[in-house]
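Work through the exercises below with the sequence and the 3D structure at hand. Each task is followed by a stepwise solution.

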Amino acid sequence: MRPPAPLEAVDAVREEHVVWLDEQDRQGVFLASGRRNPRDGGVIIAVAEDRARIEEITAKDPFVTAGVCAYRVTEFTAPKAAPALDACRETL
C-alpha cells in the first residue's frame, strides 16, 4: 500500500483504518501488517482463497474509500513458512 495523499490526510482516517485492520486480523485474513520505514506506505501479509477476495477486502479499507491510499496486490506461493503458519503453506 502506498499513500497518494499527504500524510495529514492519511492520518485523518488512520483510526478507521486500524479498526478495519483489526477486523481482518480477527477473521484470519491478515497475518501481519504495518507501516513501511520510511513512512511511505505499508505492507500487509494476507491469505484468502484467491486474489479477487483480497482485492474485494482491500477495496473496503477506509484509506481506499477516503481516496488517500491505493493497494498493489502481489501474489506469491509460500511452500516454506514458520510452523505457526502451517495452514498458509502451499505446494508448487
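The model is predicted: local features need pLDDT of at least 70 and side-chain atom pairs count only at pLDDT 80 or more, while totals for chains, interfaces and linings use all residues. Residues are numbered from 1 along each chain as its sequence is written, and side-chain values use heavy atoms, with hydrogens and water left out.

**Exercise 1.** Find the aromatic pair in the whole structure and describe its geometry.

Solution. 
- Apply the criterion: rings of Phe, Tyr and Trp (its six-membered ring) pair if their centres lie within 6.5 Å; planes under 30 degrees apart count as stacked, over 60 as edge-to-face and the rest as tilted.
- The search returns one pair.
- The partners are tryptophan 20 and phenylalanine 30, edge-to-face, at 5.4 Å centre to centre with 75 degrees between the planes.
- Tryptophan 20 lies in helix H1 (residues 7-26) and phenylalanine 30 in strand E1, so the pair ties together parts ten residues apart in sequence. Helices (H or I, at least four residues) and strands (E, at least two) are DSSP runs, numbered from the N terminus.

**Exercise 2.** Are tryptophan 20, phenylalanine 30 and glutamine 24 buried or exposed?

Solution. 
- Set the cut-offs: buried means under 20% relative accessible area, exposed over 50%, partly exposed in between (1.4 Å probe, protein chains only).
- Tryptophan 20 has 9% relative accessibility and is buried.
- Phenylalanine 30 is buried at 5%.
- Glutamine 24, in helix H1, is buried at 7%.
- Leaving out residues up to four places away in sequence, glutamine 24 touches Val29, Phe30 and Ile57; contact means heavy atoms within 4.5 Å.

**Exercise 3.** What is the volume of the largest pocket, and which residues are closest to its centre?

Solution. 
- Define a pocket: on a 1 Å grid over the protein atoms alone, it is an open set of points where a 1.4 Å probe fits, with protein on both sides within 12 Å along at least five of seven lines; lining residues have an atom within 4 Å of a point.
- The volume, the space filled by probe spheres set on the points, is about 870 Å³.
- Of the 33 lining residues, Ile44, Ala46, Thr74, Glu75 and Phe76 are closest to the centre.
- Strand E1 (30-35), strand E2 (42-46) and helix H2 (51-58) each give two or more residues to the lining. The largest share, five residues, comes from E2.
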